[in-house]
Amino acid sequence: MPELRQDPATKQWVIIARERAKRPHDFIKPVPPPPLPSYKEDCPFCPGNERMTPPETMAYRKGGPPNGPGWWVRAILNKFSALVPDGSISRREEEGLFRKMDGVGQHEVIIESPLHNQCIALMENGQVEEILLAYRERYLALREDPRFKLIIIFKNHGRAAGTSLDHPHSQLVATPIVPLNIRHRFEKAASHFDDDGTCVYCDIIREGLRAPTRMLQETERFVAFHPFASRAPFETWILPKEHQASFGSISMRDAKEFAGVLRTTLFQLYKGLNNPDYNYIIHTAPTKDEHEEYFHWHLQILPRLVTPAGFELGTGIFINAALPEETAAFIRNLPA
């Protein structure tokens with residue numbers, strides 16, 4: 001019989017379709033993607049092609065001038081930015097109910113490696129740590145701009161996840177508004193705090209460790225698990241055990257440990273499912289709420305193994321044909 005499960009953090013419902021249920025092995029790509037070269041002459045993100053990109057906003061390099069080779073992580077403005085730094089953030093009404101404002105913000109690309117064919121799953125932990133520190137550095141820099149209310153960091157891996165360039169990269173977008181679905185997430189967390197006096201994400205960690213059927217990894221300061229109300233097969237959350245509302249608060253020590261947990265998690269997905277397409281998103285508090293007690297930053301990984309259809313788009317209720325308890329057991333049995 002199918003189950004309706006509710007996410008305690010967002011109160012959103014998910015259908016676990018037991019009668020349609022697939023075994024974890026059923027989600028393995030029949031053929032892995034073809035191998036890529038380590039360098040591609042026409043790739044704007046490959047070393048030596050820095051002139052093909054907008055100016056960098058930061059880089060970790062061994063030496064040499066900005067916007068030149070020698071880097072191992074590089075952040076640049078997105079050439080096709082969704083938002084731009086110039087403009088007004090004042091809101092104005094047009095034709096009564098209809099409102100618009102300038103598309104002010106900042107859209108950056110974090111180029112994760114000089115190697116065109118590298119991916120986080122196969123990197124050394126130290127390189128992943130450098131990527132996370134670049135995230136933090138750019139987050140903290142953009143947070144100083146009072147126009148920006150939210151800074152979201154995300155990665156699209158593979159065509160089904162929306163990537164247009166194979167070279168490993170992530171993106172960061174600072175916006176002058178807090179979108180409605182993100183406000184909903186924070187309102188539900190605040191409501192839980194008002195009712196129980198606790199952070200719902202801290203409670204999820206505690207319950208997960210008590211009954212670890214969906215747990216993947218536990219380190220001194222982080223946990224990784226498949227959530228109880230997983231929206232998609234192999235959905236994974238990584239959370240710090242210590243309560244922190246903002247990703248910008250991550251310490252050097254925590255970045256090092258987080259890098260290991262993230263790399264291991266992505267490596268297990270890579271090996272177990274033949275390098276699946278996925279998105280990951282770092283959910284963090286809006287800039288004005290960074291010190292609130294009710295929210296807890298976390299990274300969500302959504303493998304693109306199924307395509308949402310009319311029911312999901314019409315209701316917001318996702319149908320998951322895989323039991324998170326079974327997918328977690330499958331991942332735990334893979335090499336780390």
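The second largest pocket holds about 640 Å³ of space, where a pocket is an open set of points on a 1 Å grid over the protein atoms alone, with protein on both sides within 12 Å along at least five of seven lines, and a volume is the space filled by probe spheres set on the points. This is a predicted model, in which local features need pLDDT of at least 70 and side-chain atom pairs count only at pLDDT 80 or more, while totals for chains, interfaces and linings use all residues. Residues are numbered from 1 along each chain as its sequence is written, and side-chain values use heavy atoms, with hydrogens and water left out.

**The second largest pocket**

- Its lining, made of residues that have an atom within 4 Å of a point, comprises 27 residues, of which Pro33, Pro34, Leu36, His157 and Asn275 lie nearest the centre.
- Two or more lining residues come from each of strand E8 and helix H4 (252-273), and E8 gives the most, with 3 residues; helices (H or I, at least four residues) and strands (E, at least two) are DSSP runs.
- The lining divides into 10 nonpolar, 11 polar and 6 charged residues.

**The largest pocket**

- The largest pocket has a volume of about 900 Å³ and is lined by 39 residues, with Arg231, Gln300, Leu302, Pro308 and Phe318 lying nearest its centre.
- At least two lining residues are supplied by each of several elements, among them E2, strand E8 (150-157), helix H2 (180-196) and E15.
- Its lining divides into 20 nonpolar, 10 polar and 9 charged residues.

**An open sheet**

- An open sheet with mixed pairing is formed by 3 strands in the order E1-E2-E15, where two strands pair if DSSP finds at least two bridges between them.
- Strand E1 (3-6) and strand E15 (318-320) stand at the edges with a single partner strand each, so one side of each is left without a neighbour in the sheet.
- E1 and strand E2 (residues 13-16) run antiparallel and are joined by 4 bridges, and Gln6 stands opposite Trp13 in E2.

**Cysteines**

- The structure holds 0 disulfides, a disulfide being a pair of cysteine sulfur atoms within 2.5 Å.
- Cys46 is in no disulfide, and the nearest cysteine sulfur, that of Cys43, is 3.8 Å away; at 1% relative accessibility, Cys46 counts as buried, a term for under 20% relative accessible area (1.4 Å probe, protein chains only).
- Cys119 is also in no disulfide, with the nearest cysteine sulfur, that of Cys46, 15 Å away, and Cys119 counts as buried at 11% relative accessibility.

Note on methods
Buried means under 20% relative accessible area, exposed over 50%, partly exposed in between (1.4 Å probe, protein chains only). On a 1 Å grid over the protein atoms alone, a cavity is a set of points where a 1.4 Å probe fits but cannot get out, and a pocket is an open set with protein on both sides within 12 Å along at least five of seven lines; lining residues have an atom within 4 Å of a point. Ala, Val, Leu, Ile, Met, Phe, Trp, Tyr, Cys and Pro count as nonpolar, Asp, Glu, Lys and Arg as charged, and the others, Gly among them, as polar.
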